[in-house]
Amino acid sequence: MLRRELKYIDEVQQISLEDALSSQEVEVAYICSESTSHEDYIRQFLNAGKHVLVEYPMTLSRAAAQDLWELAEQKGKVLHEEHVELLMEEFTFLKKEVMGKDLLKGSLLFTAGPLEEERFGFPAFSGISRLTWLVSLFGELSLVSATLEERKEDQYMKMTVCLETENKRPLTWIEEKGPGLKRNRYLSFHFKSGSLENIPNVGINKNIFLKDQNIFVQKLLGQFSEKELAAEKKRILHCLWLAEEIQKCCR
C-alpha cells in the first residue's frame, strides 16, 4: 500500500502514527478519521499513554465505547468525544425554546449528499449528532420502529426512525441522503403551548471546534465534576445504544 509523504504544515513536521504512539513529546491525540477506524486508533493511543479527543461517533457500538472508557480510566487518561453540534447557535436556541414545555410530538429531518457506510458506519451512527440533539432536548428515548430504504445503484438512502420519550410522546427522525440533496435540517415540534417549525436564522456558528477543544482542556485540568462527566457518558452511551438498536431493526 502506498503511503503519502510526510511534510511540513505551518512549519511543523508531520510524523507517522508509529512515531506519535512512541514519542514522549506527544501527550494528546486528536482523532479525525473515518468512523470505522476510531475504535482502533483510540485503543492504540490510550495503550500508549496518551489523552484522546475523538470525533463522534467514538465507536460503532455501546460495548466498545464502554470498554474504551474503562481502558482510559485504567491508564489515568482523558477520553473525550467531540460534540460540536451541542455548541451550535441553533441548538442553544432550541434548548431555550423547548425548556419547560410539554411536548406533544416532533420530527427532525436531515438531508445531505451520499455518505459511504463502509467508512462512516450505518446511518444511525453517521447521523448520531441528530440523535444527540433529540436526547439532549427531550431526555432518554425508546425505539418504536425503524426502516431503511436503499437504492445503492443511485447512492440513495432514507432511514425513518420512530422514537418515544419517557412520557410516551412520539418523535420521528429521518436521515435522507443522495446525489443532489443539499445539506439541510428541518424540524417540527408541537407543544401544548404552541409549535416550533424549523429554526430561524440565529447567527453564525463561531469557533465551535475551538470551544469543544476548550472543554477537553478543562477535563485535562480536572475542572469537570464527576457528576458532569457521568451525565455526559450516560448520554453518549444511550445514543450509541439507540443507534445499535436502530441498525438491528433496519437490518
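**View 1. E90 sits in helix α4.** This is a predicted model, in which local features need pLDDT of at least 70, side-chain atom pairs count only at pLDDT 80 or more, and totals for chains, interfaces and linings use all residues. Residues are numbered from 1 along each chain as its sequence is written, and side-chain values use heavy atoms, with hydrogens and water left out. Helices (H or I, at least four residues) and strands (E, at least two) are DSSP runs, numbered from the N terminus. E90 counts as buried because its relative accessibility is 18%; buried means under 20% relative accessible area, exposed over 50%, and partly exposed in between (1.4 Å probe, protein chains only). Skip the neighbours within four places in sequence, and E90 is in contact with W133, I199, V202 and N205, where contact means heavy atoms within 4.5 Å. As for G222, it lies 132 residues from E90 in sequence and 29 Å away in space, C-alpha to C-alpha.

**View 2. Here is helix α4, residues 89-98, with its buried residues.** They are E90, F91, L94 and V98. Look down the axis of α4 and these buried residues fall within an arc of 90°, so they line one face of the helix. (The arc is that of the directions from the helix axis to the C-beta atoms.) What covers them? Among the covering pieces are α7 (128-138), β10 (184-191) and β11 (194-197). Just after α4 comes G100, with a positive phi of about 80°.

**View 3. Residues 91-201 carry a UniProt annotation.** The record, an unreviewed entry, labels them "domain: Biliverdin reductase catalytic". UniProt positions are given in the numbering used here, feature names are shortened, and annotations may be inferred rather than shown by experiment. In the model, the end C-alpha atoms of this span lie 12 Å apart, and the span is 24% helix and 44% strand.

**View 4. Helices α7 and α9 (residues 226-250) pack together.** Their axes are 10 Å apart, and the angle is about 120°. Axes are lines fitted to C-alpha atoms, for helices over the stretch in contact, and angles run from 0 to 180 degrees between N-to-C directions. That angle makes α7 oblique to α9: under 35 degrees counts as roughly parallel, over 145 as roughly antiparallel, 65 to 115 as roughly perpendicular, and the rest as oblique. On the α7 side, I128, L131, T132, V135 and S136 make the contact; α9 brings R235, H238, C239, L240, L242 and A243.

**View 5. Zoom in on H238, found in helix α9.** Buried or exposed? H238 counts as buried, because its relative accessibility is 9%. Leave out residues up to four places away in sequence, and H238 touches V135, E140 and L141.

View 6. Most residues other than glycine have a negative phi, and most peptide bonds are trans. Y56 and P57, though, are joined by a cis peptide bond, with omega about -10°. P57 has its place in the loop between β4 (51-54) and α3 (62-75). Q155 isn't a glycine, yet its phi is positive, near 60°. You'll find Q155 in the loop between β7 (142-151) and β8 (156-164), and it counts as exposed because its relative accessibility is 52%. N207 is another non-glycine residue with a positive phi, near 55°. It's in the loop between β11 and α8 (208-220), and N207 is exposed, with a relative accessible area of 54%.

Technical notes
Arc of directions from axis to C-beta.
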